[in-house]
Amino acid sequence: MAASASHGESVQFTQLHQFATAHAPSLQLDPGLPIKVAGMHPSFHIDENGQLLVELVAQLTQSPSPGDPRHVSAGGVRLRAGTTVVFSSDGRVRYVATRPLPGPHLLGNAAQQELALSRVDGFHSYVAALDARDPLTLWSDHRRHARRMKERASFAAAHLGRPSRSIHA
Amino acid sequence: MPDSLRIRLYDVGFGDCFLVEFPRHAEAPFRVLVDCGAHRSGYPRPGWKPEHAVRAILDDLAEGGHDEPSLDVVVATHRHQDHVSGFDSRLWRDVAVGEVWMPWTENPDDPEATAVRERQSRLALGLQMAFEDPAFPARTGDPEAVAALRALAANSLTNESAMRTLHRGFRGSPQRRFLAARDAGPLTPAGCPGLAVHVLGPSRDIDVIREMDPPGGQSFLRFLDAGTRLGSGAPTEGADAGPFSRNFRISPAEHESGQRHGPAASPEIKAAAAGTMMAADFAAAVSLDKAINGTSLMLMFAFRGAYLLFPGDAQWGTWEAALRDPTTRDLLERTTFYKIGHHGSHNATPVEFVEKVLSSSAPMWGAVASVRPVASWPEIPRAPMLDALRTRAERIVRSDQPEAGIAGTEVRPGIGIDFHVPAAG
């Protein structure tokens, strides 16, 4: 966690942040938006030769602010862009998994553009499916409507038979 | 023989009240009253009472010089106030009724029905007592939200006099029928040749019955127990059965008021705790409302090519069962007149019904929403749902926005709207 990072870790977070900023286009991150280092952890595997394989997994996120045309949100929950980077122990990038938001930085990369658009569509249809099944929607005033997604994400909701855990539609 | 049948909507605001008249050869029409109730928060105008709708119905029944008002069938789709409160009137004593149709959950001789009703009534009472507790508005701190919550819960409170009329009232000795979704084929009332009434809900399916049992409401029953104890004045049985000694306990009232949370609890924590309780109150009231809607009768009247769909306030469970069954789905496709479910709310008219079942190339004759907007519930009626229905119906009429000059309809100022739905002569 960035907030409780030791001095050594905070240096690593800073370096990772610099790396992400410098290579934003390759990581399919939007150079026009701040990047947050959301997490970094080591991962230990046994490789195909039976040897210990140490990798580092970094999570980078971007959250366009309200008012920004790239901002996508519903019911108090914001759709973020994010990239997970897996580094080998010598610091080389092994894998990049992207979850982009649409933006001019994806021009020229049709697959990423399509992925970004389908994420936005998927987000809105998920919200619509929950709205359709959730009886609370019906009796909600404007204020509750504005934070409905946030409230559905509560721990207690999991025990109340709310539709977030059983979408068949 | 006329080539149409008449449906009279009585404007009851946020509620339902319809008189359906099936023409008969050389006889007065066969008359079916579907519901008569209004939500207290959504009366059509100041000073209006449900009894005004009853008087309008009686005036209409007297039409053509009939001095003894009579109805062939009275349908009560479910026991919510906004569907039955009008039956709490002495005027019904003078009305002769042939049959009264209610959902199977109203059958006093059916143990399963009794269990469903008791669970729902106990929670309704528990909620009412919780929301009437003096500490309740203090901890929520939002008078509007408190009023909206009380109004929502009040709709589920059993209206004993109205239910008494339905179960034991009216002139004559009407036969009571308690209906469930039928595989046995439609009802064919003897007095009305050509009429077949398909009962599409509520089902007796175990999943549907489960939906009639509101989840998450157990904690509110303590108010009920507290009320019972206060009433009896008897010492509390098992008062010392708890895991902690009396010194470590606070009373429910102290807990509700938040007075004993102690100095350690910051205002933020208190606000968060109050917010959580408010969310639980809201969820319990809504789940009860949904559970009672789940008992709603869903009827399709088929008469000489006209298919009139009255789903009451049927919810997803009933609709899903109806849409899944191929025969019922075929029937739904033929709908020519649709009483929009639950005053135009989003979860009482499934998207699948509008988009996949109703035809856009051959739209139905018409659909009507009996509603009046209530500020606390801006999602009723739901505008996108009504817009979607507009592509499937030649006319969509809202009781709160009557428009003169729509072919086949007639506005009766201060009373309601008449619909002349085509039916083969």
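**Note on chain B of a predicted model**

1. Asn107(B) is buried, its relative accessible area being 19%. The model is a predicted one, and the residue sits in the loop of chain B that runs between strand S5 (96-103) and helix H3 (111-132). Because buried means under 20% relative accessible area, the value of 19% places Asn107(B) in that class.

2. The surroundings of Asn107(B) can be described as follows. Its side chain reaches the backbone nitrogen of Asp109(B) at 2.9 Å. Leaving aside residues up to four places away in sequence, Asn107(B) touches Ala113(B), Thr114(B), Arg117(B) and Phe178(B).

3. On the cysteines, a search of the whole structure gives zero disulfides over all chains. Cys17(B) is in no disulfide, and its nearest cysteine sulfur, 3.8 Å away, belongs to Cys36(B). Likewise Cys36(B) is in no disulfide, with the sulfur of Cys17(B) as the nearest cysteine sulfur at 3.8 Å.

4. Helix H6 of chain B spans residues 160-168, and its buried residues are Ala162(B), Met163(B), Thr165(B), Leu166(B) and His167(B). The packing partners of these buried residues in chain B are strand S4 (70-75), helix H2 (81-84), S5 and strand S6 (175-179).

Conventions: Residues numbered from 1 in each chain as written. Chains lettered and ligands numbered in written order. Predicted model: local features only at pLDDT ≥ 70, side-chain atom pairs only at ≥ 80, totals over all residues. Heavy atoms only, no water. Disulfide = S-S within 2.5 Å. Helix = DSSP H or I, 4+ residues; strand = E, 2+ residues; numbered from the N terminus. Buried < 20%, exposed > 50% of the residue type's maximum accessible area, 1.4 Å probe, protein only. Polar contact = N/O pair within 3.5 Å; in protein donor to acceptor, adjacent residues only side chain to side chain. Contact = heavy atoms within 4.5 Å.
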